[in-house]
Amino acid sequence: MSIIRSGVLPAHSVVTLSRFQPLNTHIQLKLHESGPPMAISPLSTLSLLISISISISIFFLPSSALQQPEYRKTFIVRVQHDAKPSIFPTHSHWYESSLRSIASAANDAADVEASASGRVIHSYDTVFHGFAAELSASEVEKLKSLPGVMAVLPEQVRHLHTTRSPEFLGLKTGDSAGLLKESDFGSDLVIGVIDTGIWPERESFNDRDLGPAPAKWRGQCVAGEKFPASLCNRKLIGARYFCSGYEASNGKMNETTEFRSPRDSDGHGTHTASIAAGRYVFPASTLGYARGVAAGMAPKARLAAYKVCWNAGCYDSDILAAFDAAVADGVDVISLSVGGVVVPYYLDAIAIGAFSASDAGVFVSASAGNGGPGGLTVTNVAPWVATVGAGTIDRDFPAVVKLGNGKEISGVSVYGGPALAHDKLYTLIYAGSEGSDGYSSSLCLDGSLDPNVVKGKIVLCDRGINSRAAKGEVVKKAGGVGMILANGVFDGEGLVADCHVLPATAVGAAAGDEIRKYIQSAEKSKSPAKATIIFRGTRLNVAPAPVVAAFSARGPNPETPDILKPDLIAPGLNILAAWPDNIGPSGIASDKRTTEFNILSGTSMACPHVSGLAALLKAAHPEWSPAAIKSALMTTAYSHDSRGETMLDESTGNTSTVMDYGAGHVHPQKAMDPGLVYDISSYDYVDFLCNSNYTTKNIQVVTRKAAVDCGGAKRAGHIGNLNYPTLAAVFQQYGKHKLSTHFIRTVTNVGDADSVYAVRIRPPAGVVVTVAPEKLSFRRVGQKLNFLVRVQTEAVKLSSGSSVVRSGAISWSDGKREVTSAVVVTLQQPL
């Protein structure tokens, strides 16, 4: 298991299906009137007609089609909910009949009847109307022509994006006032965690002093392998698992390595759940590191675990089923630390599920991905989702490399076994110089190292391909006594502390180059290079902090550049949280150590911080919408570090930008009382999709809105006029000299009655920004006022296909609060 989970997947083919056009009466008859055998005599004639039609279809097929069944893949089918013919008692009957009507001609009539119900993987009725099924390419083409079918989406596989953070965020239990106190630690709120399941026995999930589940709760605890329903309690009030999509693509799961139940066989879900809502646990540590009290963001919030991620990944059909169940169950917040490729919203199961969840009043947060530090890597970019990147906290775990020339190189590690001697130097080699295949040996891939060369030595390995901890296992198997893991150029200087199986430390790209040069110079002088690794435990009050984590995915937004993503960042580097019993802290199968807590890094860890904070804000302000909660978190976020300067980018050591951190780093205490919020309704999002030039059918796939009229919305303006807490303008220069646009925004007063807010403008370099009016006078709480922002700039000289980004901000202040919105201007020179 890789601790930083991959946030970028290979592209999968996608299919966009057009609006339904009826075929012929024969096909329509089969969809509207056929059904499963029923004990009602008038339908017997229909059954005969169906059998005849199927037999005729098969009779006229070429023999090759009968002999070679088509390969099937999973697709998610969006239907028009109210189009169900009245002859079918339920939507499930309608779906099964539809599958029979388009069944591959390679099947005989008996196979068609027998397989129809078995091929429905999931049936959705809360956040999505439709079903998932295994279909061949020809069946997809037939299905999209049936009445009531609006779209067919191909299955995508997603992957996981993988304390001291409450204190770092200012959440202190002893405060007489503040977010924890005001929200009663989130006790009446339910956080649904869509992930790898949960290890319910962890102390982080105890239910001491908690009352019954909230009255609105409609969920259940689904029993399964090594998970009796009795394991749920007043803390973990719900647990479900969804594996039909996974098994449709991969075959029956191997139950010797995975649990067919909500039980976590990976660790990721247990970790993220405890970050969001873990109870206070003392003492807590990982192999002696990070000793102290462990706690989640909302310690009394209730948890519901929805297991959708398995050994081969997380499948869209299962994710959508989890969204469907979570909203029906009555969760208040959904936390999703998975992601994949960015596709249009109407092809994105996460975006579709999240829209309906938001429409139902559920706050959805998702990880931004671990594709950083490169640009255009951010995922989960729908504007109705809180997209969370990762930053550091003021704690690290130094493990220094001491070279034979006396030089000390900084690194990080979480290693709790027998250490190397501090007063002894060990022979140091570079793996890439020792193996028969320089590439695989440089990466310390399995089987690439020669034990005769490695035995008794410290080995320098390059980062890449296999997991960081797995490299250490390769070195250990070959007889090495220690490992130095060096970043590549792309990784930069960002360091992640891993729980290694041998004495090991991670160093940055520049340090790796320096160590290689030392090894080369030692070889030239005919004297072996020497080194040791010194582990210095846990260090607190590290400065500067926060810093944008090197792996955190960056903007611009690949799907909608006019919406700044990520939205914000939260702690995601070296986070201590709960961990299962059956998995070693390194995540390697051979690691038999056990620990109640583990230290992981990734935007997977950042996302549940925001999920828990959203639960606290919802508890303190039950009337706030998901958009209002996100606005409060974004407009009170900060972009400076402990030095008072703009946050640094860990990968380079240089100043970070809005493309790295969005609105900034989350500030929970200020978010409780933001003063003003930018609220957004579901119909505002419909207008946004209209202005994105989506077709009516595309919009209905996302929103489930029966009536969509884009005429008025398109006349209203442009994409940037979505009432978002940040303002982003993208100018294509096309030879123009002067460039301008405007934004219309509406703010809602959630602070004091009879308050006046004055604007302060910090324009991007070379950009003129004006705001009208310059003062907003509110008479009551809940009042809404509009303002207009004009942005003007001049074209700059750019090479073809290049761009430049400039950022500033506008802030509204009433003397007590400051409501800040980033203003971002991108100038692009078309190819």
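Over the ring of which residue does the charged end of lysine 705 sit? The ring is that of tyrosine 683, and the charged end of lysine 705 lies 4.9 Å from its centre; a charge counts as sitting over a ring if NZ of Lys or CZ of Arg is within 6 Å of the ring centre and within 35 degrees of the ring normal. A further case is arginine 263, which lies over the face of tryptophan 199 at 4.4 Å from the ring centre.

The model is predicted, with local features requiring pLDDT of at least 70 and side-chain atom pairs counted only at pLDDT 80 or more, while totals for chains, interfaces and linings use all residues. Residues are numbered from 1 along each chain as its sequence is written, and side-chain values use heavy atoms, with hydrogens and water left out.

The secondary structure of the chain comes to 23 helices and 37 strands, these being DSSP runs numbered from the N terminus (helices H or I, at least four residues; strands E, at least two). Of the 831 residues, 60% count as buried, where buried means under 20% relative accessible area, exposed over 50%, and partly exposed in between (1.4 Å probe, protein chains only). The chain has an accessible surface of about 30800 Å², 52% of which belongs to carbon and sulfur atoms; areas come from the Shrake-Rupley method with a 1.4 Å probe, and for residues only the protein chains shown count as cover.

An open sheet with parallel pairing is formed by seven strands in the order S7-S10-S6-S13-S15-S16-S26; two strands pair if DSSP finds at least two bridges between them. Strand S7 (236-241) and strand S26 (568-571) each have a single partner strand and stand at the edges, so one side of each is left without a neighbour in the sheet. The twist from one strand to the next averages 25°. Within this sheet, S6 (residues 190-195) and S10 (residues 302-307) pair in the parallel sense over six bridges, and glycine 192 has alanine 304 in S10 as its bridge partner. Helix H17 (residues 603-620) lies across S6, S13 (333-336), S15 (363-367), S16 (386-391) and S26, and runs at about 165° to S15. Axes are lines fitted to C-alpha atoms, for helices over the stretch in contact, with angles from 0 to 180 degrees between N-to-C directions; contact means heavy atoms within 4.5 Å.

Serine 204 is placed in the loop between S6 and S7 and is buried, with a relative accessible area of 2%. Apart from neighbours within four places in sequence, serine 204 is in contact with Lys235, Ser274, Ala277, Gly278, Arg279, Val281, Ala578 and Phe597. The C-alpha atoms of serine 204 and tryptophan 579 are separated by 9.7 Å, although the two residues are 375 residues apart along the chain.

Strands S8 (residues 281-286) and S9 (residues 289-294) pair in the antiparallel sense over three bridges, with glycine 292 in S9 as the bridge partner of alanine 284. These strands form a hairpin with two residues between them, and leucine 287 in the turn has a positive phi of about 50°.

A mixed open sheet is built from five strands in the order S30-S37-S36-S32-S34. Its edges are strand S30 (727-732) and strand S34 (775-778), each with a single partner strand, so one side of each is left without a neighbour in the sheet. Strand S32 (residues 755-762) pairs with S34 in the antiparallel sense over four bridges, and the bridge partner of tyrosine 757 in S34 is leucine 776.

The structure holds 18 aromatic pairs. Rings of Phe, Tyr and Trp (its six-membered ring) pair if their centres lie within 6.5 Å; planes under 30 degrees apart count as stacked, over 60 as edge-to-face and the rest as tilted. The rings of tyrosine 346 and tyrosine 694 have centres 5.2 Å apart and planes at 85°, so the pair is edge-to-face. Tyrosine 757 and phenylalanine 778 form another edge-to-face pair, at 5.9 Å centre to centre and 85° between the planes.

Seven of the eight residues of helix H22 (696-703) are buried, so H22 is largely enclosed by the rest of the structure. Arginine 704, which follows H22, has a positive phi near 65°.
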